[in-house]
Amino acid sequence: MTSEIAPHLLAWYDRHHRSLPWRVTPADRAAGVVNDPYAVWLSEIMLQQTTVKAVRPYYERFLERWPTVTELASAEDEDVMRLWAGLGYYSRARNLIACARTVAGDHGGRFPETAEGLSKLPGIGPYTAAAIAAIAFDESVAVVDGNVERVFTRLYAIDTPLPKAKTEIKARVSEALPKTRAGDFAQALMDLGATICTPRSPACAICPLLEDCEAGGAGNPEAFPVKPPKKAKPVRVGAAFVAQRPDGAVLLVRRPDKGLLGGMRVVPTTGWTARQDGATGTEAAPFPANWEEKGQVIHVFTHFELRLSVFHALVTSEDKSADAFDTAMDARWSDAADLAGEALPSVMKKALTAALPDALRPRKPGRD
DNA sequence: GAAACGTGGGC
DNA sequence: TGCCCAAGTTT
């Protein structure tokens with residue numbers, strides 16, 4: 001029998017859609033307002049594994065600073081990393097730059113209009129390609145993200161563990177696709193997942209798809225989706241060294257493009273290997289100075305917990321060694337007043353604050 | 001297919 | 001407090 005999912009869902013979406021800065025409302029769309037593919041792309045990249053609440057201010061700042069993909073393509077890499085700082089998953093920012101330059105350079109400043117074309121661009125995988133194609137170009141494609149996985153495993157009580165269940169989920173979404181309003185359908189599914197069909201305590205009583213839903217009918221929606229067990233999170237140990245000049249400037253280096261915190265600014269650190277012992281003291285300092293331990297920072301990454309011992313030293317003119325810290329790691333002194341605006345990941349903001357409580361205040365920190 | 005890759009918020 | 005989670009992609 002014909003699925004009633006799309007009509008039920010779209011009727012609900014017309015009344016209850018969320019208002020989001022990157023979104024054209026159903027009413028606007030009906031009035032002929034079109035989505036800006038650049039805005040859709042930017043929001044989709046930022047929203048990967050990231051909450052709407054966290055994304056909103058970043059999205060606004062990016063769009064104001066770089067209103068078009070061509071302007072973003074011309075941006076300095078480090079300026080992009082600065083504005084991305086704190087949002088996490090920094091390879092997204094590096095891929096954002098690469099993608100903008102490809103679109104500007106190879107596609108005349110226009111995004112490809114199909115999921116297939118979009119998926120060839122850096123940072124755009126199966127989900128994002130489908131989402132942009134549906135939302136910006138109204139291509140009729142299945143847009144499957146974590147929300148959609150949750151909604152559909154519940155609708156059909158799919159108990160195959162993720163990610164193996166993805167094939168069946170995608171097939172079910174495809175057969176539920178409406179003939180029109182592909183973008184609204186995708187966004188409606190995500191809104192439903194975010195506001196009604198939530199991971200815990202879903203609001204089945206007010207769900208527009210309750211009569212279509214197997215798990216909802218059975219009263220066990222929280223049994224879905226089935227996920228594989230998680231692995232234990234190892235602890236890693238290291239040290240961070242905050243070198244400061246008498247004028248307050250702090251020595252920063254740049255992380256390599258690939259890997260953890262790639263392309264971001266940090267103070268000199270030891271490696272963060274899996275070892276539990278060893279170089280967490282001044283013997284691992286980047287150069288000799290009057291290092292003093294100021295505290296410890298614990299920061300939890302996706303796949304390990306980091307315990308960082310934070311050292312501080314006032315570097316005088318006699319400490320030539322600090323200047324010898326050369327361009328291989330792109331080292332430079334950051335003025336005290338500039339520090340808060342640097343491309344510092346959150347873990348490094350914690351470390352700096354541990355050494356210098358006022359270091360990241362917008363105004364110049366306290367004199368020495 | 002599994003592992004790497006950030007962060008802040010909710011309960 | 002600690003675990004889970006959020007519009008995934010890349011290698």
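Q: Which atom of Lys-230 lies 3.5 Å from a phosphate oxygen of DNA strand C?
A: A polar one in the Lys-230 side chain. A polar contact here is a pair of N or O atoms within 3.5 Å; within protein, one must be able to donate a hydrogen and the other to accept it, and residues adjacent in sequence count only if both atoms are side-chain atoms.

Q: Where do these numbers come from?
A: From a predicted model, where local features need pLDDT of at least 70 and side-chain atom pairs count only at pLDDT 80 or more, while totals for chains, interfaces and linings use all residues. Residues are numbered from 1 along each chain as its sequence is written, chains are lettered from A and ligands numbered from 1 in the order in which they are written, and side-chain values use heavy atoms, leaving out hydrogens and water.

Q: How many residues surround DNA strand C?
A: 25, and the closest are Gly-123, Asp-145, Asn-147, Arg-150 and Pro-199. A residue is near a strand if one of its heavy atoms lies within 4 Å of it. By class, ten are nonpolar, eight polar and seven charged. Ala, Val, Leu, Ile, Met, Phe, Trp, Tyr, Cys and Pro count as nonpolar, Asp, Glu, Lys and Arg as charged, and the others, Gly among them, as polar.

Q: And how many for DNA strand B?
A: 19 residues surround DNA strand B, with Leu-261, His-299, Thr-302, His-303 and Ser-346 the closest. Nine are nonpolar, nine polar and one charged.

Q: What does the His-303 side chain do there?
A: One of its N or O atoms is 2.6 Å from a phosphate oxygen of DNA strand B. Thr-50 has a polar side-chain atom 3.0 Å from a base nitrogen of DNA strand B. The elements giving two or more residues to this surface are β4 (292-300) and α15 (346-355).

Q: New topic. How many helices and strands are in chain A?
A: Chain A has 15 helices and six strands. These are DSSP runs numbered from the N terminus: helices are H or I, at least four residues, and strands are E, at least two.

Q: How big is the largest nonpolar core?
A: It has 119 residues, and Trp-41 and Phe-152 have the most contacts inside it. Such a core is a set of buried Ala, Val, Leu, Ile, Met, Phe, Trp, Tyr and Cys residues joined through side-chain atoms within 4.5 Å. Helix α9 (residues 126-137) gives the largest share, nine residues.

Q: Why does the core lie between domain 1 and domain 2?
A: Because domain 1 (5-223) and domain 2 (235-355) both give residues to it. The bounds come from an automatic or database domain assignment.

Q: Is Asn-35 buried or exposed?
A: Buried, because its relative accessibility is 10%. Buried means under 20% relative accessible area, exposed over 50% and partly exposed in between (1.4 Å probe, protein chains only). Asn-35 is in the loop between α2 (26-30) and α3, and its side chain reaches the backbone oxygen of Ile-135 at 3.2 Å.

Q: What share of chain A counts as buried?
A: 48% of its 368 residues.
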